[in-house]
Amino acid sequence: MKKILKTNWERYKKSPEGKEVIAIFNHLTTSEATVEEMLEVIKRFDPEFSKNTSKKEEQRQLKALTYFNNLIKDFLPKSDSEWDEFNHGEFFGELTHFLAVEDENVSIFDAPQIGFKNILSNNIILSTVLSSYMPEYFIPNLFVMQFVYFKKIAEKYEFNLPEEIPLRSDYRGRWLYYIHICNAICQFSIENELQDFGELCAFLFDYELTNMKEEMEAEYNKPMPSVPEQAWILVGNYGEGEKTMESGFWQSNQLTSKGDIMLFYEKSPVKKLNAVWTALEDGFVDPFGHYYSYSIIGKKIEIPDDKAITFEEFKNSEYFKARDSKGNFVSKNFQDVSGWSVTAKDYKEIKNMLEGKGFDTSVLPALYEPKFDLDVVISDEKDVENKMLIPLLEKMGFKRGEDYEQQVNLPAGHGSTGKRPDFCLHMKGSGVHLKAKVVIEVKEFMKDIPQIKTDYGQALTYAKWASPQVFILCDKNQIRVYQRNKKSDDFGDYSDCKVYRWDKLEIPEKFIELKRLLSK
């Protein structure tokens with residue numbers, strides 16, 4: 001865990017703004033703090049959560065704050081001896097059980113997910129109340145809808161957070177993720193000698209969060225990738241906070257990459273595709289957010305109302321009528337499809353429809369179209385490496401020396417010869433701790449199944465020492481991708497793989513799919 005740079009932090013603490021923010025958070029821990037003041041803190045320090053909040057919704061939030069405030073009073077220890085035996089983890093478990101589980105005989109780990117879904121939606125409110133009573137154990141979760149900033153702060157200071165965020169449907173795991181965050185931040189506070197709750201919250205929610213936002217916004221002003229790789233459909237209505245926004249959060253796909261094309265379909269009563277945005281940041285997951293996965297979008301290109309594509313025009317399109325209904329956002333009537341991928345052919349058809357209505361599509365970004373020289377002469381493994389694999393890695397944006405290395409000498413234990421896979425991607429550690437996320441073994445030609453089995457066995461030995469999540473067998477005809485099974489922690493057998501033929505990688509969707517498997 002890294003330490004705070006004291007000089008700048010001390011300057012902030014002594015500033016009028018710093019003193020004010022520290023005092024605001026410390027006031028929350030006093031008996032004089034009201035639920036109205038708690039709500040004002042939420043609105044001020046988590047503006048994304050409060051954007052478009054109506055007066056009626058604010059009244060509901062005040063009622064929820066009052067309810068949780070009274071409930072936690074009843075749950076707290078009543079005597080000094082009870083406080084002496086207090087365990088905040090057990091307390092949180094008991095509170096969770098009361099709120100999420102109807103049957104007192106059922107543990108929180110056996111209870112239905114629906115109960116956790118309900119309390120997850122109130123995480124920011126309940127956490128604010130918890131922190132007001134027990135600031136040494138809990139923090140207000142003002143990272144709801146701002147989790148992308150917290151993740152970057154956690155990476156900057158190396159907080160000890162679980163590597164994997166719970167899946168969207170795992171409401172229990174998403175709810176319990178909050179206690180992991182509290183534990184990590186409390187440890188950070190101790191190691192950095194933050195004096196009190198007010199200082200910790202001021203550091204996270206004003207000082208560092210402001211710095212992180214400014215750093216990220218500066219990145220948004222830099223040139224985007226020259227040619228986007230993917231297009232996505234976004235669906236929704238603009239609230240008052242979004243009608244004039246230059247950039248902001250939107251429900252999307254966590255696989256979104258910076259620079260991707262975001263086609264916006266505005267729902268009722270508009271029912272038109274009337275804007276094209278750009279993803280300013282890679283897609284990300286917010287375990288506490290209602291929609292779970294989001295993108296930050298900006299650089300809006302508006303499509304005039306008379307040239308926007310209407311719902312009826314989409315439904316009457318011969319192309320979309322013939323499109324595979326399982327992956328067709330039009331056949332789904334644009335319901336629950338925000339974040340669905342738009343294929344290269346879809347995007348081309350949408351541009352054709354816009355041109356037919358007189359819109360100049362030259363102002364729209366063009367999708368990346370990968371091109372490969374498939375007529376190269378291959379005589380040996382080195383030709384496959386130099387004429388096929390390395391150009392592929394470069395097209396994917398991977399750089400030699402930064403993202404991949406060749407012939408890396410992996411430690412193989414005492415008395416053993418080091419293993420030297422042909423390519424290692426995304427390495428970390430050094431010496432006996434050197435690991436790689438992806439290992440690639442190159443062959444000239446795997447002519448039949450027996451040959452594939454033999455080569456698979458060889459590549460598997462490299463996987464043992466490099467501990468990758470993915471290893472690959474590659475020859476002049478195909479790329480065989482093996483992924484580590486999370487449950488069994490192995491790679492299965494030679495047939496448990498995804499196969500990509502070189503002559504199919506000019507299909508953008510195939511290229512993107514393979515790139516994701518090889519990425520960090």
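Apart from neighbours within four places in sequence, aspartate 346 is in contact with Tyr319, Phe320, Arg323 and Phe329. The model described here is a predicted one. Aspartate 346 belongs to helix α15, which comprises residues 344–356. Its relative accessible area is 0%, so aspartate 346 is buried. One of the residues in contact with aspartate 346, tyrosine 319, also takes part in a polar contact with it, side chain to side chain, at 2.6 Å.

Just after the helix, glycine 358 adopts a positive phi of about 90 degrees.

Glutamine 230 is located between α12 and β1 (231–236). Its relative accessibility is 6%; because buried means under 20%, glutamine 230 counts as buried. Leaving aside neighbours within four places in sequence, the residues in contact with glutamine 230 are Asp260, Ile261, Ser341, Val342, Leu367, Ile512 and Arg516.

Helix α3, residues 35–45, also has a buried side. Val35, Met38, Leu39, Val41, Ile42 and Phe45 are its buried residues. Their arc around the axis is only 155 degrees, which means that they are on the same side of α3. The elements that cover them include α2 (16–28), α4 (47–50), α5 (55–75), α9 (123–133) and α12 (197–220).

Six strands form an open sheet of mixed pairing, in the order β9-β10-β11-β12-β13-β14. Its edges are formed by β9 (404–406) and β14 (498–501), each of which pairs on one side only. From one strand to the next, the twist averages 20 degrees.

Within this sheet, strand β10 (residues 423–428) runs antiparallel to strand β11 (residues 435–442), and 5 bridges join the two. In this pair, leucine 425 stands opposite valine 438 of β11. Strands β12 and β13 are likewise paired in the antiparallel sense, over 5 bridges, and a hairpin of 3 residues joins them. Valine 470 stands opposite glutamine 483 in β13. On to β14, β13 is joined by 4 bridges, and these two strands run antiparallel; here valine 481 stands opposite lysine 498 in β14. Strand β13 is mostly covered, with 5 of its 6 residues buried.

Helix α17, residues 449–466, contributes to the cover of this region. The buried residues of α17 are Ile452, Asp455, Tyr456, Ala459, Tyr462, Ala463 and Ala466. Because they cover an arc of only 120 degrees around the axis, they fall on the same side of α17. Among the elements that cover these residues are β11, β12 and β13. The face of α17 turned away from its buried side carries the exposed residues Pro450, Thr454 and Lys464. With 18 residues, α17 reaches 25 Å from its first C-alpha to its last, close to the 26 Å expected at 1.5 Å a residue. Aspartate 448 caps its N-terminal end, where a side-chain oxygen lies 2.9 Å from the backbone nitrogen of glutamine 451. After α17 comes serine 467, whose phi is positive, near 50 degrees.

Another helix, α18 (residues 508–518), lies across β10, β11, β12 (470–474), β13 (478–483) and β14. Helix α18 runs at about 130 degrees to β14.

Key:
Residues numbered from 1 in each chain as written. Predicted model: local features only at pLDDT ≥ 70, side-chain atom pairs only at ≥ 80, totals over all residues. Heavy atoms only, no water. Buried < 20%, exposed > 50% of the residue type's maximum accessible area, 1.4 Å probe, protein only. Polar contact = N/O pair within 3.5 Å; in protein donor to acceptor, adjacent residues only side chain to side chain. Contact = heavy atoms within 4.5 Å. Pairing = 2+ DSSP bridges. Axes fitted to C-alpha atoms, helices over the stretch in contact; angles between N-to-C directions. Arc of directions from axis to C-beta. Expected span 1.5 Å × (residues − 1).
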